[in-house]
Amino acid sequence: MRLLTGSGWISPLVAIRLAVVAACLALASGSLAQTADISQFVGSYEGEAQVEVNGQIQERDLSVDISETRSGFQVNWTTITYRSDGRVKEAKYSINFVPSDRDNVFAAAMKKNVFGHEVQLDPMKGEPYVWARIIGDTMTVFSLFVTDQGDYEIQEFNRTIAEQGLELDFVSTTNGQVKRQISTLLERQ
């Protein structure tokens, strides 16, 4: 038995082989399209910022390490806050990101489900819902929090490639109102 195509007759075996090759090419091109090149962001960066909190200026030391992983990339960042009363507060975060089904959008892989797959956290349980995107020379990490009262907070970390490192533009909004902004240069170490 032979199949008629636009260019003539082919055997079913050849048709199957062509279909398999076409499917593999479609899958390969789809996965390449959704995986942005994060190598330009890889490295360690440090900087300082002044932040106004309740009418007072606080000094902060900021650092971020970005590395490639087998399935995506990892972002580790630390914020050290120097309070006016002399106290020092340190916060550290580490998140793995894996490609999603959307171009240049990455899902956070923050815990493992019962099947051992890395999955997102649940904002309805007070956990942050985190994702990242890369557009050109800017990597953005978003965190969505839902409060016990049903309000929401979104934190947005834009890290843009600069000559000396990364320009950090951070904004935190609660129910659509800007609560805090930070802009500073994080120098490559």
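A salt bridge here is a side-chain nitrogen of Lys or Arg within 4 Å of a carboxyl oxygen of Asp or Glu. Keep that cut-off at hand for the exercises below, and remember that the model is predicted.

**Exercise 1. The salt bridge**

Task: Find how many salt bridges the rule gives, and state which residues Arg87 and its partner are and how exposed they are.

Solution:
- Step 1. Applying the rule gives a count of 1 salt bridge.
- Step 2. Arg87 pairs with Asp85, and their closest N and O atoms lie 2.8 Å apart. That distance is within the 4 Å limit.
- Step 3. Now look at accessibility. Arg87 counts as partly exposed because its relative accessibility is 49%. Asp85 is also at 49%, so Asp85 counts as partly exposed.

**Exercise 2. A buried arginine**

Task: Locate Arg60, then work out what surrounds its side chain.

Solution:
- Step 1. Arg60 belongs to strand β4, which covers residues 56-68.
- Step 2. Arg60 is buried and has no salt bridge. The nearest side chain of opposite charge is that of Glu59, 9.3 Å away. With the limit at 4 Å, Glu59 therefore does not qualify as a partner.
- Step 3. A polar contact is still there to be found: the side chain of Arg60 meets the side chain of Gln58 at 3.4 Å.
- Step 4. Setting aside residues up to four places away in sequence, list the contacts of Arg60. They include Gly47, Glu48, Ala49, Val51 and Val53, together with Thr79, Ile80 and Thr81. Arg180 and Ile182 are among them as well.

**Exercise 3. The nonpolar core**

Task: Which residues of the largest nonpolar core touch the most other members, and which strand gives the largest share?

Solution:
- Step 1. The largest nonpolar core holds 28 residues, and those touching the most other members are Val64, Phe73, Val75 and Phe97.
- Step 2. Strand β3 (residues 43-53) supplies the largest share of this core, with 4 residues.
- Step 3. Take Phe73 as a worked case, leaving out neighbours within four places in sequence. Its contacts include Ile38, Ile95, Phe97, Phe106, Ala132 and Met139. Ser67, Glu68 and Asn96 are also in contact with Phe73.

**Exercise 4. Strand pairing around β14**

Task: Trace how β14 pairs with β3 and with β13.

Solution:
- Step 1. Strand β14 spans residues 177-188 and is joined to β3 by 2 bridges, in the antiparallel sense. On this side, Tyr45 stands opposite Arg188.
- Step 2. Strand β13 (residues 165-174) also pairs with β14 in the antiparallel sense, over 10 bridges. Here the partner of Gly165 is Glu187 in β14.
- Step 3. Follow the chain from β13 to β14: the two strands form a hairpin with 2 residues between them. In the turn, Asn175 has a positive phi of about 50°.

**Exercise 5. From the turn to a loop**

Task: Find where Asp151 sits and how Asp151 and Asn175 are linked.

Solution:
- Step 1. Asp151 lies in the loop between β11 (138-146) and β12 (152-162). At 32% relative accessibility, Asp151 counts as partly exposed.
- Step 2. Compare sequence with space: Asp151 and Asn175 are 24 residues apart along the chain, with their C-alpha atoms 6.2 Å apart.
- Step 3. Their side chains make a polar contact at 3.1 Å. Beyond four places in sequence, Asp151 touches Asn175, Phe145 and Val146.

Notes:
Residues numbered from 1 in each chain as written. Predicted model: local features only at pLDDT ≥ 70, side-chain atom pairs only at ≥ 80, totals over all residues. Heavy atoms only, no water. Buried < 20%, exposed > 50% of the residue type's maximum accessible area, 1.4 Å probe, protein only. Lys, Arg positive; Asp, Glu negative; His and termini not counted. Polar contact = N/O pair within 3.5 Å; in protein donor to acceptor, adjacent residues only side chain to side chain. Contact = heavy atoms within 4.5 Å. Core = buried A, V, L, I, M, F, W, Y, C linked by side-chain atoms within 4.5 Å. Pairing = 2+ DSSP bridges.
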